[in-house]
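Dear colleague,

Please find the structure below, handed over for your review. My findings follow directly after it.

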Amino acid sequence: MIYFDNSATSYPKPSQVTDAVIYFMTKIGANPGRAGHSQSVKAGEIVFEARKKVAVFFGLKSPMNVIFTSNATEALNTAVKGLLIKGDHVITSAMEHNSVMRPLKRLEEDGIITFSVLEGDDRGVLSVEEVIKAIKPATKVLVINHMSNVTGAVQPVREIGELCRSKGVLTILDCAQSAGIIPLDMCADYIDIVCFTGHKGLYGPTGTGGMVIRDGFDFNRIRPLKEGGTGSLSDKTVQPAFMPDKFESGTLNAAGIAGLSKGIDFLNSLPEGLKSVQLHKQTLQKYFIEKAKKHVKGFVTQSETEGYGVVSFTIEGLSVSEVTMKLSDLYGIMSRQGLHCAPLAHRRIGTFPEGTVRFGFSVFNTRDEIDSAVKALKEIAGGN
Ligand SMILES: Cc1ncc(COP(=O)(O)O)c(C=O)c1O
């Protein structure tokens, strides 16, 4: 089996990740922060270690500003719905995933906000000038992804962040695709809130992710998405107002978080950290695109040759479902077809409503696997 669906979720996970999940399930087992017994304390320590690692990973001083969620979708819903109030205006881009678009649409339909969708260049990449033009007196938030899950295009986050900070506009960055690939320093990059998922480039288990709030940001401005048990202030019927309990109601996915912690260790242990990841993915991407262009009849890519391992493509005359189904059924190659939960992105790049085939490479993929994929695609496309 060749697994190229890493932009949906990465597979395989590093052995230290699966070992940590099994260790937690078999040797710890308890609910973190819910009791005074030693197993609960150990579970709490494992979660706190993970919090510290996530904080360092995003250039944050305070681990308490890391809120664990079950995925990027929950983090984005918390940030968007928690921050925005009646009359606010939001800026976003056409490249957004539905985990940004749908919460915005919900608030718009409920008559709470208005929002502007910026088109960017022909790859959906925004410019500072375009953002400046879109800022209105009521603009409170800009929410964009760091890296597109459709084309892999990367937004100029620091320039846009600096502009927004200077204009008093808050920034929410969707790092679902970029975390574990493109380094981010929330302070230097002028980002107020990062929403990430743990199961893609961070190599953690599914069901992990988080919302990270920059040091010094007044978190009282954000309402929690849910209220409930936190293991703290149990004599009170109101939600604790401190971090991270304000946003972490209900039992955490502690076994998953134990794995996520080791996923971050895995990335940090690579010879040059994220640079090694980037280099590997860029090499594979360039190799795949150049080889496929040469050998696969009708191959068209919507991604750059240089990129970080998210490659969309189509094959003229074939439906994307036919391509992915044949790759899976005849060649054991796993990939994804369709709109990848980002319909406006496909309108922007001209692949709506059919969508694209997407290969997402991980650090575990090899050139040999790409050779096999190109051979398979050549046969599916009829050769030339
Ligand atoms: C850009 C982007 N944002 C958000 C998400 C949502 O991530 P999750 O499914 O982990 O909530 C994804 C997942 O594919 C994504 O690619």
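S362 lies in the loop that links β13 (356-360) to α11 (367-381); helices (H or I, at least four residues) and strands (E, at least two) are DSSP runs, numbered from the N terminus. The model is a predicted one, in which local features need pLDDT of at least 70 and side-chain atom pairs count only at pLDDT 80 or more, while totals for chains, interfaces and linings use all residues. Residue numbers start from 1 along each chain as its sequence is written.

S362 is buried, because 23 other C-beta atoms lie within 10 Å. Here a residue is buried with 20 or more other C-beta atoms within 10 Å of its own, exposed with 12 or fewer, and partly exposed in between, the C-beta atoms being placed from the backbone. Leaving aside neighbours within four places in sequence, S362 is in contact with N6 and S10, where contact requires C-beta atoms, placed from the backbone, to lie within 7 Å. The C-alpha atoms of S362 and P12 are separated by 9.0 Å, although these residues are 350 apart along the chain.

Axes are lines fitted to C-alpha atoms, for helices over the stretch in contact, and angles run from 0 to 180 degrees between N-to-C directions.

The axes of helix α1 (residues 15-28) and α7 come within 8 Å and cross at roughly 150°, so α1 and α7 are roughly antiparallel to each other. Among the residues making the contact are V17, V21 and F24 of α1, and A255, G259 and F266 of α7.

Helix α3 (residues 72-83) is mostly covered, with 9 of its 12 residues buried. Among the buried residues are T73, E74 and N77. The elements covering them include β2 (66-69), α4 (98-109) and β5 (139-145). The end C-alpha atoms of α3 are 16 Å apart, which agrees with the 16 Å that 12 residues should span at 1.5 Å a residue; the expected span is 1.5 Å times one less than the number of residues.

Definitions and conventions. Two residues are in contact if their C-beta atoms, placed from the backbone, lie within 7 Å. Angles under 35 degrees count as roughly parallel, over 145 as roughly antiparallel, 65 to 115 as roughly perpendicular and the rest as oblique.
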